[in-house]
Amino acid sequence: MFKIIKREEMAEGTVVLNEVEAPKIARKAKPGQFVILKANEEGERIPLTMAETDPENGTITIVYMIVGKSTALFKTLQVGDSYQDVIGPLGKPTEIEKIGNVVCVGGGTGIAVMHPITRALKEGGNHITAIVGSRTKDLLILEEKMKQASHELLICTDDGSYGREGFVTEALKDVLDKGDTQMVVAIGPVPMMKFVSKMTAEYGVKTIVSLNPIMVDGTGMCGGCRVTVNGQTKFACVDGPEFDGHKVDYDELMLRLQAYCEDEKRCYDDFCLLKPEYAR
Amino acid sequence: MAEKAVKAKKEKIPRQPMPEQEPQVRARNFEEVPLGYTPETAMEEAKRCLQCKKPACIAGCPVEVDIPGFIKLIKEGDFTASIRNLWSKNSLPAVCGRVCPQEIQCEVVCIVGKKGDPVAIGNLERFAADYERAHGSGALPPRAKLTGKKVAVVGSGPSGLTVAGDLIAKGHEVTVLEAFHKPGGVLVYGIPEFRLPKEIVFQEVNFLERQGVKVECNAVVGRTVSLDELFVEEGYDAVYIGVGAGLPRFLNIPGENLIGILSANEYLTRANLMKAYMFPEVDTPIPRGKNVIVLGAGNVTMDSARTARRLGADKVRVVYRRSRDEMPARTAEIHHAEEEGIEFFLLTNPTKYLGNEQGRLTGMVCLKMELGEPDDSGRRRPVPIQGSEFELECDLCIVAVGSGANPLLTQSTPDMQLNNWGYIEADPETGKTTKKGVWAGGDIVTGAATVILAMGAGRKAADSIHQYLTWGW
């Protein structure tokens with residue numbers, strides 16, 4: 001059992017942070033790697049990239065958005081409750097090198113995943129411009145942490161309620177126009193990663209994205225997380241989760257994420273009838 | 001007297017049939033298909049064993065079970081003594097009685113089978129184990145004096161559990177590390193409930209735990225902990241690797257990433273380990289195709305096809321590029337599948353998948369094949385017939401064309417030698433790898449094979465590990 005020692009609701013309760021006791025994973029985990037969590041006996045195995053690890057206290061932190069039954073079930077867990085299973089660290093860590101000027105683009109809960117990578121890149125001697133975006137001000141998460149992890153933080157909201165009005169790609173364009181960006185890391189919703197990659201391709205700037213397709217085991221055994229990268233099939237769980245953003249087939253990924261949409265809806269609707277207070 | 005003897009011979013007892021669920025009934029449920037012998041039928045069947053002086057059946061068994069011995073005890077009605085006899089050679093009799101290919105191992109060489117049907121060795125083994133589980137005393141096998149040596153077993157499938165059982169009995173401290181959240185390996189994620197109820201596997205694991213084996217789930221060796229750390233940081237004296245093959249093969253033809261194409265590993269893991277057939281009572285979904293194609297012809301193919309049937313498919317077709325004679329599945333499994341209405345499209349090879357705008361599978365293009373000259377495997381090579389393309393409709397395709405070696409553990413252990421296909425090089429007699437203190441066995445050494453061969457490899461490795469812990473490398 002993996003006990004929750006800290007729980008925080010963010011973005012008007014649509015996003016939840018859990019700090020979980022998992023000493024073996026905390027000792028090994030590096031930025032960019034993920035874990036698989038299972039709440040209870042009947043639960044689904046859900047992959048989430050870690051937002052923080054604390055090897056000394058033996059904890060890992062995950063941040064998830066309520067998107068369906070399984071994440072709604074996670075939300076019911078309080079401090080002192082436990083996940084039945086946590087498996088990891090899985091996937092390859094981010095390659096942290098001194099490159100120069102790096103732009104870290106985070107959207108939605110992708111900001112939580114972006115944070116440790118941003119910090120590691122900064123500690124690795126890079127100059128970091130961070131761009132974070134959300135639909136509206138109240139849904140923005142981890143602003144303060146991202147500010148500390150970067151040299152410059154640009155905030156975008158779709159409705160203009162905070163920071164710059166518009167998508168992260170618009171802010172990114174201004175940064176790229178300066179012409180001194182060596183690398184972009186983008187983590188967030190698939191459409192965001194797609195359009196960031198499309199833009200950086202025009203500028204010829206290397207781009208890394210972190211993918212989160214549907215998976216079961218996370219160890220390369222099931223092949224459910226197949227993604228097409230550079231025309232070849234890769235398993236996100238062992239070959240990724242990070243890939244060259246210019247070579248990912250995002251349209252295929254978006255379709256594959258819909259594989260179980262009807263089942264997911266049915267499951268979530270049933271859950272909401274039982275526990276309306278945990279609905280998104 | 002002579003006349004009487006002849007008469008007695010004529011009244012031969014026929015092989016006792018195994019009662020089964022009716023095909024129409026079982027095709028819609030996940031309960032076990034064969035129902036098992038009663039004590040009376042088991043004793044009757046046991047009478048058929050000739051108690052040969054030089055039993056060929058023992059030599060036919062990869063773990064050399066004392067077959068006439070345990071059968072004699074069933075005949076005498078001493079079921080407890082019978083299971084003890086089995087345990088002395090086989091730590092998983094309830095499993096082996098169900099999934100071993102007896103027809104190519106012990107039963108094929110049975111003398112009774114020379115004229116008529118062989119003794120139902122598998123059914124009797126299953127009976128002894130099931131009887132013990134239902135009525136046994138729960139007494140544990142004897143354990144040798146503790147040695148103070150620690151052994152890590154990586155993977156809790158059939159070979160790992162065999163190693164654990166053998167070494168705990170010899171007085172060593174044994175910890176089994178399992179990457180999934182439940183122990184049992186392929187017995188749990190791969191073989192369906194209707195062929196091997198999971199409760200049986202968990203009881204076998206529990207039996208090992210009661211003997212002192214520690215089972216640690218959610219431990220991915222190669223990620224959570226490395227092989228070297230098991231020695232250096234966790235103080236193990238020896239490590240056995242039995243992680244299975246664990247890398248799904250696909251056909252690498254166009255359209256393979258359409259929604260509705262799953263590896264058998266994924267499909268069966270969802271159904272068996274995650275119990276997705278109970279969705280939405282459990283949270284893991286599984287695609288329920290109406291018109292299903294399963295590619296391949298092995299036992300995993302039959303398991304996938306029969307699972308699809310139980311999940312409500314109207315039509316399930318097995319598509320295989322060779323002919324019936326080359327199908328690697330057990331005859332009994334093919335027979336069970338046919339009884340359940342699974343159709344076979346033989347000498348047929350898909351060349352591409354077809355999909356709609358939602359990225360969902362709608363069918364496949366196939367080529368007709370004919371058999372040519374034998375290939376490296378000794379089987380006649382399938383050759384495409386020019387211009388024979390045709391389309392098959394389907395809304396779900398399970399790719400069950402075999403597995404390769406999963407590199408997760410081996411990649412993080414560069415000083416252990418692998419063969420050209422990525423499998424671990426291990427001595428066939430001892431299971432020793434090229435890395436000191438490390439043994440390996442089962443599918444990660446041989447490539448995908450059977451439960452009992454993995455157990456045989458585990459038995460040899462356990463003997464070798466015991467020698468090492470007693471005398472040195």
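The structure is a predicted model, in which local features need pLDDT of at least 70 and side-chain atom pairs count only at pLDDT 80 or more, while totals for chains, interfaces and linings use all residues. Residues are numbered from 1 along each chain as its sequence is written, chains are lettered from A and ligands numbered from 1 in the order in which they are written, and side-chain values use heavy atoms, with hydrogens and water left out.

The assignment divides chain A into domain 1 (2-89) and domain 2 (101-278). The centres of these two domains, taken over C-alpha atoms, lie 19 Å apart. The secondary structure of chain A consists of nine helices and 17 strands; helices (H or I, at least four residues) and strands (E, at least two) are DSSP runs, numbered from the N terminus. The C-alpha trace of chain A extends over about 50 × 40 × 40 Å along its principal axes. The radius of gyration is taken over C-alpha atoms, and the globule rule for it is 2.2 Å times the number of residues to the power 0.38. For 280 residues a compact globule would have a value near 19 Å, and the 18 Å of chain A agrees with this.

Within chain A, 26 residues of domain 1 are in contact (heavy atoms within 4.5 Å) with 28 residues of domain 2. The size of an interface is often given as the accessible area lost when the parts come together. Here, buried area is the accessible area (1.4 Å probe) that two parts lose on being put together, summed over both. Between domain 1 and domain 2 of chain A it comes to about 2,300 Å², with 67% on carbon and sulfur atoms. Phe34(A), Glu52(A) and Lys69(A) supply 21% of the area that domain 1 buries against domain 2, more than any other three residues.

Two salt bridges are counted between the domains of chain A, each being a side-chain nitrogen of Lys or Arg within 4 Å of a carboxyl oxygen of Asp or Glu. Glu52(A) also takes part in a salt bridge with Lys145(A), at 3.4 Å from N to O. On the side of domain 1 that touches domain 2, strand E3 (34-38), strand E4 (46-49), strand E6 (59-65) and helix H2 (69-76) of chain A each supply at least two residues. H2(A) gives the most, with five residues. By class, this side has 15 nonpolar, six polar and five charged residues, where Ala, Val, Leu, Ile, Met, Phe, Trp, Tyr, Cys and Pro count as nonpolar, Asp, Glu, Lys and Arg as charged, and the others, Gly among them, as polar.

Chain B has 18 helices and 16 strands. Its radius of gyration is 23 Å, close to the 23 Å given by the globule rule for 473 residues, so chain B is as compact as a globular protein of that length. Along the principal axes, the C-alpha atoms of chain B fill a box of roughly 70 × 65 × 50 Å.

The contact between the chains takes 49 residues from chain A and 46 residues from chain B. The area buried there is about 3,700 Å², of which 52% comes from carbon and sulfur atoms. In chain A, Met221(A), Arg226(A) and Tyr260(A) lose the most area to chain B, together 18% of what that side buries. Five salt bridges are found across this interface, and Lys28(A) and Glu229(B) meet in a salt bridge at 2.8 Å from N to O. Elements that give two or more residues to the side of chain A that touches chain B include helix H1 (23-28), H2 and strand E8 (85-90) of chain A. E8(A) gives the most, with six residues. This side has 19 nonpolar, twelve polar and 18 charged residues.

Most residues other than glycine have a negative phi, and most peptide bonds are trans. A cis peptide bond, with omega about 10°, joins Gly240(A) and Pro241(A). Pro241(A) lies in the loop between H7 and strand E17 (242-244) of chain A. In chain B, the peptide bond from Phe279(B) to Pro280(B) is cis, with omega near 10°. Gln51(B), although not a glycine, has a positive phi of about 55°.

Key:
Domains from an automatic or database assignment.
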